[in-house]
Amino acid sequence: MKFEILTSDILIIGGGGAAAMAALAARRGGAKVTLISKENTFVGGATIMSAGGTCAVFKPDDSPEIFYNDIMRGGGYLNNPRLTRILAEKSTKAVLKLEDYGFILDKKSLDPALMTKKGEGHSWPRGYLDRREGLGFCHALSKALIRSEVAFHPEIVACKLLSNHGQAVGAMGFSLVTGEYLVFNAKAVVLATGGLGALYKITTNSRSLTGDGYAMAWDAGAELLDMEMVQFLPIAFPYPKSREGLNIGMCSHFGPGAKLYNGLGERYMEKYDPERKEFATRDIVSRANFTEIKEGRGTKNGAIVVDPREHDPNFLKRFQSFHPHIYSMFKEVFGERAANWLETFEAIPSQHFFMGGVRINEHCETSIPGLFAVGEVAGGVHGANRLSGCALTEVFVFGDMVGESALLWAEKEKLVPPVVSEVQEAIDQLEGVFSRHQGGVRPLEVKQAIENIMWDHLGPSRDEEGIKKALAGLKNIQESDLPRLALGSHQTIYNRERMEAAEVSLMVKTALLIAHAALSRTESRGSHYRTDFPLPDDTQWLRNIVLRKGTSGKVDISYRQAGA
Amino acid sequence: MRVKLSIYRFNPDSNEKPGYDTFEIDAEAGETVLTALIKVYETFDSSLSFRFACGKVKCGECAMMVNKSPCLACNKRIEPEMIIEPLPNLPIIKDLVIDRNKAINTIFELAPSLLKFTNALDEAMALDPQNMDTYVKLTSCFECLICQSVCPVLKKKSDQFIGPLGLLWLEQMSLTNTGNWIEMSDVAQMCTSCGKCWKACPSEIDFLEVAITDLLNKQLPGKNPKK
């Protein structure tokens with residue numbers, strides 16, 4: 001099979017905010033930058049889905065130190081403190097710096113005096129909100145990418161990172177549009193592929209967020225950490241199918257009078273967090289909602305009930321103004337009265353974010369020379385649980401930094417070509433799948449099987465038995481389904497099934513890593529809750545679980561003292 | 001509810017001319033055109049090409065024609081009988097998938113000044129605080145290309161006119177005093193203010209109010225500001 005090789009100084013893989021920031025920062029230093037994305041828009045991913053909230057230090061009595069302490073506490077002290085400190089210290093400057101790229105901040109929200117809402121786990125109100133939600137950043141950064149002549153390749157499905165003598169030299173994949181195989185050869189490779197929401201049946205993420213980067217980094221031999229730390233949000237739309245999983249917001253959105261009830265009319269949050277009740281952090285409320293529903297105390301629609309009637313009218317005004325998308329979805333799904341918080345409504349928890357990922361140092365370098373990671377695909381910044389509004393902050397702070405790190409690397413390194421046999425082997429493997437059309441399992445079926453296993457056994461509440469079931473189920477998929485993947489369509493141009501086939505092969509690997517890490521952590525911390533080990537165990541478990549590919553593909557597990 | 005979908009099909013690899021395939025599916029009343037298309041793809045024909053990303057009215061990638069009206073498939077409720085087609089007047093890749101990047105690049109080719117910043121990159125751009133609300137509306141665009149697809153001027157003069165989306169971008173530069181937008185504001189004269197774009201806009205951007213009127217006024221004697 002033929003393939004084309006495209007070269008540049010820096011290759012960035014990913015289609016969201018982190019990838020765009022990285023590309024822009026690298027271009028500022030004059031490097032030749034190529035950006036490949038599975039999506040079509042220049043900047044999409046989770047960034048375009050976000051409600052636009054970005055936390056930074058704005059209030060006069062707040063400080064980077066207080067912010068840092070909040071993130072560390074929120075993360076159950078599993079965070080890499082050096083990364084967390086960078087986030088806290090650079091947050092404000094990074095938000096304001098966006099204007100340099102042509103993104104005009106929504107000044108209506110930037111006035112610290114108008115910031116009144118304190119997110120769960122934050123000591124001060126910190127959220128910069130934007131009436132355009134995530135859309136504003138995305139399209140402004142898109143223009144900046146075009147203006148700064150970043151070579152943008154949309155709808156490229158990256159399948160494998162390439163290395164030569166242990167050094168990252170690029171990636172191979174194929175064009176969804178033309179079906180051609182492509183090799184992107186570069187001096188430095190930045191992984192910015194985002195999270196893994198699509199591993200779960202119910203998620204706030206786009207379906208394109210299949211966690212490709214985790215599995216590609218794993219295949220390449222990189223270290224991954226905190227793979228058990230999957231974040232859920234407690235309050236998302238339960239129906240209809242087209243809106244299922246879309247985030248509504250935390251109880252703090254509604255004001256101090258918001259309450260949660262189960263199907264029996266019990267105000268259950270007292271059981272899970274007697275002190276903070278509905279205003280506990282997202283990990284606790286998600287687990288509570290998940291447990292109430294799972295144990296049969298949900299409504300007849302399998303949901304819990306949110307009562308926003310005792311809301312703060314100013315919060316409602318802010319909600320209407322700064323969350324226009326959710327407000328309109330509210331009206332569509334629950335009607336005018338519920339949208340204006342005059343009625344109760346039903347909600348379910350939804351997968352939202354992944355704290356774990358590729359292990360990086362404070363220069364965003366991974367354990368593989370020449371390979372960098374940034375954004376949700378990188379682990380360590382948020383520890384065991386991310387506080388609200390800190391994902392975009394991470395994108396803006398580290399996106400800028402990784403661009404500069406990759407630039408420094410590319411300036412001192414020569415372009416090393418990929419190993420042709422490795423590329424050929426990867427292409428042959430894909431071709432094998434793409435040309436099989438009968439008697440096998442369709443990628444879609446595999447996807448659904450993974451989604452169900454993950455939701456049932458690796459959701460907000462876990463135990464040994466369930467995790468072992470998940471491991472067995474996932475191994476079965478890997479060993480008996482993946483080798484006989486078959487596609488319904490023979491076509492070359494824009495064949496979505498080819499993309500799905502490539503995705504599921506990676507999804508299973510990522511899912512297995514989550515299961516291994518979740519089984520290993522025999523305690524509860526942050527987003528990882530084990531019913532068989534319900535308490536945190538600081539004497540044993542202030543440690544990060546680090547996974548690495550061992551001999552013959554085995555999962556090697558090691559433990560690192562957190563904070564070291 | 002039984003739903004009949006007639007879907008535009010065209011594969012440049014094997015078809016000389018486009019045609020329509022018809023599918024019948026069972027769907028719940030609240031479903032969207034996008035979930036119906038996914039159902040067709042999953043159960044009947046996985047060679048159906050269509051584009052979507054978020055599925056929840058955020059990204060603008062699933063814009064298409066349903067019963068001859070442009071919409072975001074994820075935001076359009078199903079009807080018992082639907083003719084589903086790609087956005088018109090834009091290059092087609094296959095079936096319902098249009099070449100978005102080609103369409104966007106064309107705007108920059110026709111108006112290279114859109115690419116140029118006149119002020120230093122490190123300087124925050126000057127936006128009159130009074131214009132903040134207008135600017136927010138201008139930049140709340142999905143870039144779904146529906147406006148471009150329905151514009152009658154663009155249809156006739158695709159080699160000259162930057163279209164409604166291009167005008168939105170131009171006005172963004174005008175409000176922030178960046179780029180050589182003044183040189184280009186005469187392209188706004190090509191707009192006939194027919195209203196098709198803002199009636200079809202899923203983000204409900206009033207093109208006339210937030211962009212076109214201002215751009216046209218810049219052309220009036222004495223109104224053209226000197227930089």
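**Notes on a predicted model: sheets, helices and domains**

1. Start with a sheet in chain A. It is open, has 5 strands in the order E16-E14-E9-E17-E18, and its pairing is mixed. Strands E16 (378–379) and E18 (555–561) of chain A are at the edges. Each has a single partner strand, so one side of each is left without a neighbour in the sheet. Keep in mind that this is a predicted model.

2. Look next at one pair within that sheet. Strand E17 of chain A covers residues 543–549. E17(A) and E18(A) run antiparallel, joined by 7 bridges. As background, strands of a sheet pair through backbone hydrogen bonds, either parallel or antiparallel.

3. Helix H17 of chain A, residues 496–520, lies across E9 (224–225), E17 and E18 of chain A. H17(A) runs at about 140 degrees to E17(A).

4. Chain A also holds an open sheet of 4 strands. Its order is E10-E13-E12-E11, and the pairing is antiparallel. E10 and E11 of chain A are the edge strands, each pairing on one side only. On average, neighbouring strands here are turned by 40 degrees against each other, direction ignored.

5. Strand E12 (residues 304–307) and strand E13 (residues 345–354) of chain A pair over 3 bridges, in the antiparallel sense. Val305(A) has Glu346(A) in E13(A) as its bridge partner.

6. Which peptide bond is cis? The one joining Tyr239(A) and Pro240(A), with omega at about -10 degrees. Pro240(A) is in the loop between strand E10 (230–236) and strand E11 (259–261) of chain A.

7. Another backbone feature deserves a look. Glu155(A) is not a glycine, yet its phi is positive, about 55 degrees. The residue is placed in the loop between strand E5 (151–153) and strand E6 (156–164) of chain A. For context, most residues other than glycine have a negative phi, and most peptide bonds are trans.

8. Now a helix pair. How do H1(A) and H6(A) lie relative to each other? Helix H1 of chain A spans residues 17–28, and helix H6 of chain A spans residues 133–147. Their axes come within 10 Å and cross at roughly 30 degrees. Angles under 35 degrees count as roughly parallel, and H1(A) and H6(A) are therefore roughly parallel to each other. The crossing of H1(A) past H6(A) is left-handed.

9. Which residues make the contact between these helices? H1(A) brings Gly17(A), Ala20(A), Ala23(A) and Leu24(A). H6(A) brings Phe137(A), Leu141(A), Ala144(A) and Leu145(A). By type, the contact of H1(A) with H6(A) has 7 nonpolar residues, 1 polar and no charged.

10. Finally, chain B. It is divided into domain 1 (2–97) and domain 2 (100–217). The C-alpha centres of these two domains lie 28 Å apart. Domain 1 of chain B gives 11 residues to the contact, and domain 2 of chain B gives 14.

11. What does the domain 1 side of that contact consist of? In chain B, the residues on the side of domain 1 that touches domain 2 divide into 8 nonpolar, 3 polar and no charged. Strand E4 of chain B (residues 69–72) supplies the largest share of this side, 3 residues.

Note on methods. Residues are numbered from 1 along each chain as its sequence is written. Chains are lettered from A and ligands numbered from 1 in the order in which they are written. This is a predicted model: local features need pLDDT of at least 70, side-chain atom pairs count only at pLDDT 80 or more; totals for chains, interfaces and linings use all residues. Two strands pair if DSSP finds at least two bridges between them. Helices (H or I, at least four residues) and strands (E, at least two) are DSSP runs, numbered from the N terminus. Two residues are in contact if their C-beta atoms, placed from the backbone, lie within 7 Å. Axes are lines fitted to C-alpha atoms, for helices over the stretch in contact, and angles run from 0 to 180 degrees between N-to-C directions. Angles under 35 degrees count as roughly parallel, over 145 as roughly antiparallel, 65 to 115 as roughly perpendicular and the rest as oblique. A crossing is left-handed if the near helix is turned anticlockwise from the far one by less than a right angle, and right-handed if clockwise. Ala, Val, Leu, Ile, Met, Phe, Trp, Tyr, Cys and Pro count as nonpolar, Asp, Glu, Lys and Arg as charged, and the others, Gly among them, as polar. Domain bounds come from an automatic or database domain assignment.
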